[in-house]
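User: Hello! Could you walk me through this model, one question at a time?

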Amino acid sequence: MEEQERSAAGRGAGLPFGRGEGLTEEDAGLVEAFRRGEESAFAALVIKYREAVYRTARRLVGSHEDSADITQEVFIRAYRALPRFDGRAHLRTWLYRITVNLCLDLHQQRRRQTWVDLEEVTAEAPPEDAPEACAEARTLRQAVRAAVAALPPRQRAMVVLRVYQDLPYAEIARVMGCAEGTVKATMFAALRKLRRQLGAVLGEETVATLTAGLGAGARVGDEVP
């Protein structure tokens, strides 16, 4: 168990990130305060990054329960590893890397199950007086969520980090532990799959409009309960 913790946290804990943009001044101050024994500094980091970590996990594993468990585990591992964090990467990058690794580990454990959240992709009946446009928008979001959920795990992770978390390719590469060119190639392949899958549901013209900016970080289907 201890070895697994070192692996998931260590894959981002001041190890092979290369030179990132480094800590922000605010984060550096909180990290140093925590290292001096101020527990409130770590609590401040949790408050700052908890929502982003949860939203990323939710889009990768689906259910609220799993996402909440992963979010808790991310900060447990961050708490234990923070004294060894060397600050070469943005703290956000480090936390996203722990998050993605935990999500991928969970998927590996459940590889025989479909990695789709039924809460996310099952349409709720709109109120009778709801405008038609609202119903169409909801249907569109659900179609996008289902298509993203059906991507292979690493592709899905990169799409979530790029589209929903608005990370640049270089930072995604550090999170995923790969070359920036690999991220771009993976995004291109994911975009082709999304266009193919969504085209059968929404029509080619709608899909072309919807996915036109995905590679540049367009934000689509951006609501998470």
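User: Glad to have it on screen. At which residue does helix H3 bend?

Analyst: First, a word on the model: it is predicted, so local features need pLDDT of at least 70 and side-chain atom pairs count only at pLDDT 80 or more, while totals for chains, interfaces and linings use all residues. Residues are numbered from 1 along each chain as its sequence is written, and side-chain values use heavy atoms, with hydrogens and water left out. Helices are DSSP runs of H or I with at least four residues, strands are E runs of at least two, and both are numbered from the N terminus. Taking the bend at a residue as the angle between axes fitted to the seven residues ending there and the seven starting there, H3 (residues 39-61) bends by about 50°, and the residue is Tyr49.

User: Which residue follows H3, and what is its phi?

Analyst: H3 covers residues 39-61. The residue after the helix is Gly62, with a positive phi near 95°.

User: At what angle do H3 and H4 pack?

Analyst: Two packed helices are described by the angle between their axes and the distance between the axes. Axes here are lines fitted to C-alpha atoms, for helices over the stretch in contact, and angles run from 0 to 180 degrees between N-to-C directions. For H3 and H4 (residues 64-81), the axes lie 8 Å apart and the angle is about 140°.

User: How many nonpolar residues does the contact of H3 with H4 have?

Analyst: Contact means heavy atoms within 4.5 Å. On the H3 side the residues include Phe42, Leu45, Tyr49 and Val53, and they meet H4 residues including Ile70, Val74 and Phe75. Ala, Val, Leu, Ile, Met, Phe, Trp, Tyr, Cys and Pro count as nonpolar, Asp, Glu, Lys and Arg as charged, and the others, Gly among them, as polar. By class, the contact has 3 polar and 4 charged residues, and the nonpolar ones number 14.

User: Is Ile70 buried or exposed?

Analyst: Ile70 lies in helix H4. Beyond four places in sequence, Ile70 touches Ala57, Val61, Thr99, Leu102, Cys103 and Leu106. Buried means under 20% relative accessible area, exposed over 50%, and partly exposed in between, with a 1.4 Å probe and protein chains only. The relative accessible area of Ile70 is 8%, so the residue is buried.

User: Back to H3: why does Ala52 count as partly exposed?

Analyst: Ala52 sits in helix H3. Setting aside neighbours within four places in sequence, Ala52 is in contact with Tyr96 and Gln165. Ala52 is called partly exposed because of its relative accessible area, which is 22%.

User: And Glu51, what is its relative accessibility?

Analyst: Glu51 also has its place in helix H3. Glu51 counts as exposed, at a relative accessibility of 51%.

User: Lastly, how many helices does the chain have?

Analyst: From the N terminus on, the elements run α-α-α-α-α-α-α-α-α-α-α. Of the 225 residues in the chain, 47% are buried. The secondary structure has 0 strands, and the helices number 11.
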